[in-house]
Amino acid sequence: MTKNIFVYGTLKSGYHNHRILGSDAEFLGEVVIAGFKLFESGIPFMKRTNNTKDCVLGEIYTVTDKNLVHVDHLEGHPTGYRREPVYYPDGDDFETYIYPHDLGNMKESPKNEDGVYVYGRAKYE
C-alpha cells in the first residue's frame with residue numbers, strides 16, 4: 001500500500017533526508033497548504049494554526065508503507081513529530097508531520113514574496 005505525504009523541510013528534493021522517502025517515491029507536485037506556520041532551529045517545525053493566512057510551501061509524494069516506517073522513525077512519530085491528515089481542497093488528502101510540542105521563543109521561518117513560509121532555498125523566489 002501507499003500513502004501521500006506532504007514534506008516541507010529536509011525531506012524535500014535536494015535535501016539530505018530526501019533519500020528516506022525511497023527511490024520508488026512518486027513526486028505528485030509542489031503545493032502551498034494553509035493553516036500552518038513554519039518555525040526553524042536548524043531544522044523546521046510546522047505547527048497547525050487553522051488561520052488560512054498562514055501558509056507553508058512543500059512537496060507531495062506517494063510513498064510505500066515500507067518507506068513510511070523509515071520516515072516515521074526519522075520524525076519520531078508519534079512522540080516527536082506527529083503524522084496527521086491534511087484535507088487539501090484542490091486534490092487528494094494527504095498526511096504531514098506536525099510538531100505538537102511547545103516551541104518556546106523559536107523564530108518563524110522566512111516567507112517568500114507571496115507571504116508563504118519556506119524552509120531553505122525556495123524554488124518560487
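N50 is exposed, at a relative accessible area of 62%; exposed means over 50%, buried under 20%, and partly exposed in between, with a 1.4 Å probe and protein chains only. This is a predicted model, in which local features need pLDDT of at least 70 and side-chain atom pairs count only at pLDDT 80 or more, while totals for chains, interfaces and linings use all residues. Residues are numbered from 1 along each chain as its sequence is written, and side-chain values use heavy atoms, with hydrogens and water left out.

N50 sits in the loop between β4 (44–48) and β5 (55–64); helices (H or I, at least four residues) and strands (E, at least two) are DSSP runs, numbered from the N terminus. N50 is not a glycine, yet its phi is positive, about 65 degrees. Most residues other than glycine have a negative phi, and most peptide bonds are trans. The bond from H77 to P78 is cis, with omega near 10 degrees. P78 lies in the loop between α1 (65–75) and β6 (82–86).

Now to strand β5, where T62 is found. Is T62 buried or exposed? T62 is buried, with a relative accessible area of 13%. Its side chain makes a polar contact with the side chain of N4 at 2.6 Å. A polar contact here is a pair of N or O atoms within 3.5 Å; within protein, one must be able to donate a hydrogen and the other to accept it, and residues adjacent in sequence count only if both atoms are side-chain atoms.
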